[in-house]
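Please look over the sequence and the structure shown here, and keep both in view while reading the report.

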Amino acid sequence: MTDTVNKGLRGAGEHLRGLPKVFQGFKDFISRGNAIELAVGVVIGAAFTGVVTALQDGFIGPLIAAIFGEPDLSALGRFTINGATFSIGVILNALLQFLITAAAVYFVIVLPLNALAARRKRGEEEEPKAPAEDILLLQEIRDLLAARPSPAVANDAGAVPGTGTAPGTPPTFQPGSGPATPPPTA
């Protein structure tokens with residue numbers, strides 16, 4: 001084979017040696033609690049968007065159509081100046097959609113949770129029980145493990161795990177910690 005092909009194959013092999021570190025970093029990223037919570041929030045947000053859209057299409061749109069003659073306000077207040085078309089209705093549509101979303105969040109999520117908190121404060125609703133001792137211990141272990149940098153993070157920071165030194169740095173020995181010197185021979 002030619003030198004170019006050999007060099008290319010060697011380069012590909014070198015890139016593959018770092019692949020486990022990349023996969024370890026990806027595994028660390030997706031197993032963090034924040035990434036999972038964010039994914040759950042996005043899914044719930046998408047589902048809630050469907051509910052708000054249904055409310056808009058099934059109730060608010062027909063109500064606006066009954067008042068203004070059209071279910072969409074985008075044609076309302078449309079005018080043209082020097083070839084530029086302005087539409088106040090588009091702005092009103094966006095504001096109305098925001099208000100509908102805010103009202104749905106408030107009445108479906110915030111108001112019931114505030115009522116529950118008020119009942120708990122008055123003593124009508126029982127407070128959630130404190131976790132058992134073994135659960136508290138497991139939570140403490142989880143927090144300590146989460147505070148430790150993962151091997152991928154340590155690699156990205158340039159430290160070799162377990163040594164605290166940068167890659168390629170020769171090891172250092174404290175005086176007296178190295179191998180004993182043999183006694184002089186006569």
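## The nonpolar core

The largest nonpolar core in this predicted model is made up of seven residues, namely Phe 48, Val 52, Ile 60, Ile 64, Leu 73, Ile 100 and Ala 104. Two elements, α3 (33–68) and α4 (88–122), each give two or more residues to this core, and it is α3 that gives the most, with four residues.

Ile 64, which is one of the core residues, touches Gly 69, Glu 70, Pro 71, Leu 73 and Leu 96 when residues up to four places away in sequence are not counted. Among these contacts is Leu 73, which is itself listed as a member of the core.

## The two strands

Strand β1 (residues 78–81) and strand β2 run antiparallel and are joined by four bridges. Within this pairing, Thr 80 stands opposite Thr 85 in β2. The hairpin that β1 and β2 form has two residues between the strands, and in this hairpin Asn 82 takes a positive phi near 50 degrees.

## Ser 87 in strand β2

Ser 87 has its place in strand β2, which covers residues 84–87. Is this serine, Ser 87, buried or exposed? Because its relative accessible area is 18%, and buried means under 20%, Ser 87 counts as buried.

If residues up to four places away in sequence are again left out, Ser 87 touches Ser 74, Leu 76, Gly 77 and Arg 78; of these, Arg 78 lies in strand β1, which spans residues 78–81.

Key. Residues numbered from 1 in each chain as written. Predicted model: local features only at pLDDT ≥ 70, side-chain atom pairs only at ≥ 80, totals over all residues. Heavy atoms only, no water. Core = buried A, V, L, I, M, F, W, Y, C linked by side-chain atoms within 4.5 Å. Buried < 20%, exposed > 50% of the residue type's maximum accessible area, 1.4 Å probe, protein only. Contact = heavy atoms within 4.5 Å. Pairing = 2+ DSSP bridges.
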